[in-house]
Amino acid sequence: NDKSLIVSFGEMLIDFVPTVSGVSLAEAPGFLKAPGGAPANVAIAVARLGGKAAFVGKLGDDEFGHMLAGILKENDVIASGINFDKGARTALAFVTLRADGEREFMFYRNPSADMLLRPEELNLELIRSAKVFHYGSISLIVEPCRSAHLEAMKVAKRAGALLSYDPNLRLPLWPSAEEAREQILKIWDEADVIKVSDVELEFLTGSDKIDDETALTLWRPNFKLLLVTLGENGCKYYTKAFHGTVDAFHVKTIDTTGAGDSFIGALLCKIVDDQSVLEDEPKLREILRFANACGAITTTKKGAIPALPSPDEVHKLLNA
Ligand code: ADP
């Protein structure tokens, strides 16, 4: 399609989720495979809404890696930025919400292929053609992927792309909370558009008051837009000139996985061809209403990728 390109950089993996809810991983009678990884979800969110998206990252040259690449292609995500590692395997995550309400995680990452992406493997031509370059933080945890991530950001920025950052904190993956905070804040100033959840706001600022004052401690003079997502309370937006809140849609939520990815993918779709909307509050509010609708729809179905909305579904909710 002739839209401008959104490139999403980072990890793609498979979440193994117990077939019955409320059990520990050891008690699970079986697992369902749920493809995910926030940057991959964002690329698919964009493509499903009719935008032009590419995913850049590394997968294992194994059954799971080829399954994930197939899912990207089926969803019309450009796959020319995907590398396959001959040695390491695709990342796997086992995640459950136990009966005691605690989340239990187990990761196969020792190391997984995504962590082994090297700067010289990057498809620079693809990255240079991005109008928007989106990324998370998981790719900052270890080398050589961290260097690849920083190089890709630099190349995209130099080529004039808008940089979009969703730190997407997955704390159990980090060696320590201090290191997560340090690495996330190290690249903070580079972004043009940045989105945090209320949980991440608290983690990054150390303040449990989710208010404008706290959010504005994360503001940088070069930012074009700072967003704080608040789940069923919608989102807050901050620009140089104005700030406010856009309410969420009331839906029957069953699984919030992927809501934030759906939200940011929707936003990027709407700003990629006209960044002037970031300076026009009524237009920006309209776009955030659209993004909230996409996030809300994603919570009404199980999983992330199967729950990302089509334009028809969004249209229905917006006009309900
Ligand atoms: P993240 O997934 O990054 O934690 P949120 O859970 O805040 O982000 O969700 C992103 C957006 O999706 C929210 O700003 C909101 O618009 C929408 N959303 C999330 N949860 C719900 C919900 N329970 N009901 C309605 N909308 C929701």
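Modeller: Let's start with burial: a residue is buried if 20 or more other C-beta atoms, placed from the backbone, lie within 10 Å of its own, exposed if 12 or fewer, and partly exposed in between. By that count, buried residues make up 45% of the 320 in the chain. Keep in mind that this is a predicted model, where local features need pLDDT of at least 70, side-chain atom pairs count only at pLDDT 80 or more, and totals for chains, interfaces and linings use all residues. Numbering runs from 1 along each chain as its sequence is written.

Now the ligand. It has 19 residues around it, and the closest are Ser197, Thr229, Gly260, Asn292 and Gly295; a residue counts as near if its C-beta atom, placed from the backbone, lies within 6 Å. Two elements, α8 (259-271) and α9, each give two or more residues to this shell. Helices here are DSSP runs of H or I with at least four residues, numbered from the N terminus. By class, the shell has 8 nonpolar, 10 polar and 1 charged residues. Ala, Val, Leu, Ile, Met, Phe, Trp, Tyr, Cys and Pro count as nonpolar, Asp, Glu, Lys and Arg as charged, and the others, Gly among them, as polar.
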